[in-house]
Amino acid sequence: MNTPVLNLETLAQSIKDWGRELGFQQVGISGVDLGEHEAHLQRWLDAGYHGEMDYMAAHGNKRSRPAELVPGTLRVVSLRMDYLPGDTQMAQRLTEPEKAYVSRYALGRDYHKLIRKRLQQLAERIQQTIGPFGYRAFVDSAPVLEKAIAQQAGLGWIGKNTLVINRKAGSYFFLGELFVDLPLPVDEAHNSEHCGRCSACMDICPTEAFVGAQVLDARRCISYLTIELKGPIPVDLRKPMGNRVFGCDDCQIVCPWNRFARPTEQRDFMPRHNLDNAELAELFCWTEDEFLSRTEGSPLRRAGYERWLRNLAIGLGNAPSTIPVIEALKSRLDYPSELVQEHVQWALAQHGF
């Protein structure tokens, strides 16, 4: 009995079809050579732009060499899933200083579990069709150059704001990868970029974090400051943070390509606990138990309660001097954390106390 020959072209197309059935908007396939991106990453690390994100420098070259991270890898299936939760009027929140601005990707449930589950389902579908094969799924969870891989797989180009941009979908999407040991045909890399002379993303950055096109000094980035940084936020960057308490979307909000961004079809990414319209003072008064309860399964958990209060204290320091704002800050003056106390004292000083 002859074993049927595996038609790789047909399989590649099937993988894309199955990916879309699982809720991904686009699927591409790339090889494992990321040499140009490896050099870019090394220059960025050498400049110290990664700040406290030591994990970016760990693992040697495995981050840019998929076959070293997962031996036997021949191709990477790259997938994107839209996360924009409809019209949340989040840009409007930036003009309302008593409101808290939470990055759009973090308004709903954490994306890691949902996308990882879908990737596993895709792998199982492949296995049902061709039998056992080698694979490993990643969702922002290991040393993987996901944006470089997405660009190589034709999902978009890396814009001046360092994000992957798609002409038909903008940049409000998550990425996931399936490393496979199958010699699938690869898609054409998206080597042309369509930012042109536009520098809106770089110009709008509140903390001037962009050193140049596609070069971000994370140490000045509000997303880094509010999520990754463990200690005090540099005093000179506190006023520019405004009311942004978890992440920042400014460089996406102004991107002309995001007029093509489509609302997500995933209910898990819809806002929870009124996070798209919450008062800073209200969030600041959450107890630790309330924080843990209301951020269960949420990206906000990454900051932890102490840093959540730190971030909110800065927002309240930048807010108008209203009674709710002042009372909220004074209620935390004796909070048992030097980090929180220092930021509360700074915030009250902004209001003349």
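Trainee: What makes Cys 201 count as buried?

Mentor: The model is predicted, and the value is computed from it. Cys 201 has 9% relative accessibility. Buried means under 20%, so Cys 201 falls into that class.

Trainee: Where is Cys 201 placed, and which residues does Cys 201 touch?

Mentor: Cys 201 is in helix H7. Leaving out residues up to four places away in sequence, Cys 201 touches Lys 160, Asn 161, Phe 210, Cys 251 and Val 254. Each of these counts as a contact because heavy atoms come within 4.5 Å.

Trainee: Why is Cys 198 called partly exposed?

Mentor: The relative accessible area of Cys 198 is 30%. Cys 198 is in the loop between strand E7 (173-180) and helix H7 (200-204). Outside four places in sequence, its contacts are Lys 160 and Pro 256.

Trainee: Which cysteines does UniProt list as "binding site"?

Mentor: An unreviewed UniProt entry places that feature at Cys 195, Cys 198, Cys 201 and Cys 255.

Trainee: How do you know that they cluster in space?

Mentor: They are spread over 61 residues of sequence, yet the largest C-alpha distance is 10.1 Å.

Trainee: Which other residues carry the "binding site" feature?

Mentor: From an unreviewed UniProt entry, the feature is also placed at Arg 63, Asp 140, Asn 161, Val 164, Leu 175, Ser 223, Cys 248 and Asp 249. These are spread over 187 residues of sequence and also spread in space, with up to 25.6 Å between C-alpha atoms.

Trainee: Is Arg 63 buried or exposed?

Mentor: Arg 63 has a relative accessible area of 8%. The cut-off for buried is under 20%, so Arg 63 is buried. Arg 63 lies in the loop between H2 and helix H3 (66-69). Beyond four places in sequence, Arg 63 is in contact with several residues, among them Leu 41, Met 56, Ala 142 and Leu 145.

Trainee: What makes the pairing of Arg 63 with Tyr 55 a polar contact?

Mentor: A polar atom of the Arg 63 side chain lies 2.8 Å from the backbone oxygen of Tyr 55. The limit is 3.5 Å for a pair of N or O atoms, one able to donate a hydrogen and the other to accept it, so the pair qualifies.

Trainee: Why is Asp 140 called partly exposed?

Mentor: Asp 140 has 45% relative accessibility. Exposed needs over 50% and buried needs under 20%, so Asp 140 is classed as partly exposed. Asp 140 is found in the loop between strand E4 (135-138) and H6. The side chain of Asp 140 makes a polar contact with the side chain of Tyr 111, at 2.8 Å. Leaving aside neighbours within four places, the contacts of Asp 140 are Tyr 111, His 112 and Glu 146.

Trainee: How do you know that the span of H2 is close to the expected one?

Mentor: Helix H2 (residues 35-46) has twelve residues and reaches 17 Å from its first C-alpha to its last, against 16 Å expected at 1.5 Å a residue.

Trainee: Which residues of H2 are buried?

Mentor: His 37, Glu 38, Leu 41, Trp 44 and Leu 45 are buried. They are on the same side of H2 because they cover an arc of only 125° around the axis. An α-helix has 3.6 residues a turn, so residues three or four places apart point the same way. The buried residues of H2 pack against helix H6 (146-152), strand E5 (157-158) and strand E9 (215-216).

Trainee: What does the face of H2 turned away from its buried side carry?

Mentor: That face carries the exposed residues Glu 36, Arg 43 and Asp 46.

Trainee: Which residues have the most contacts inside the largest nonpolar core?

Mentor: The largest nonpolar core has 69 residues, and Phe 284, Trp 308 and Leu 329 have the most contacts inside it. Helix H13 (residues 304-317) gives the most to this core, with seven residues. Another core, of 31 residues, lies apart from it and includes Ile 15, Ile 29, Met 81 and Ile 126.

Trainee: What makes Lys 239 count as partly exposed?

Mentor: Lys 239 has 48% relative accessibility. Exposed means over 50%, so Lys 239 stays in the partly exposed class. Lys 239 is found in helix H9 (residues 238-241). Lys 239 and Asn 318 are 79 residues apart in sequence, but 6.4 Å apart from C-alpha to C-alpha.

Note on methods: Residues are numbered from 1 along each chain as its sequence is written. This is a predicted model: local features need pLDDT of at least 70, side-chain atom pairs count only at pLDDT 80 or more; totals for chains, interfaces and linings use all residues. Side-chain values use heavy atoms; hydrogens and water are left out. Helices (H or I, at least four residues) and strands (E, at least two) are DSSP runs, numbered from the N terminus. The expected span of a helix is 1.5 Å times one less than its number of residues. Buried means under 20% relative accessible area, exposed over 50%, partly exposed in between (1.4 Å probe, protein chains only). The arc is that of the directions from the helix axis to the C-beta atoms. A nonpolar core is a set of buried Ala, Val, Leu, Ile, Met, Phe, Trp, Tyr and Cys residues joined through side-chain atoms within 4.5 Å. UniProt positions are given in the numbering used here, feature names are shortened, and annotations may be inferred rather than shown by experiment.
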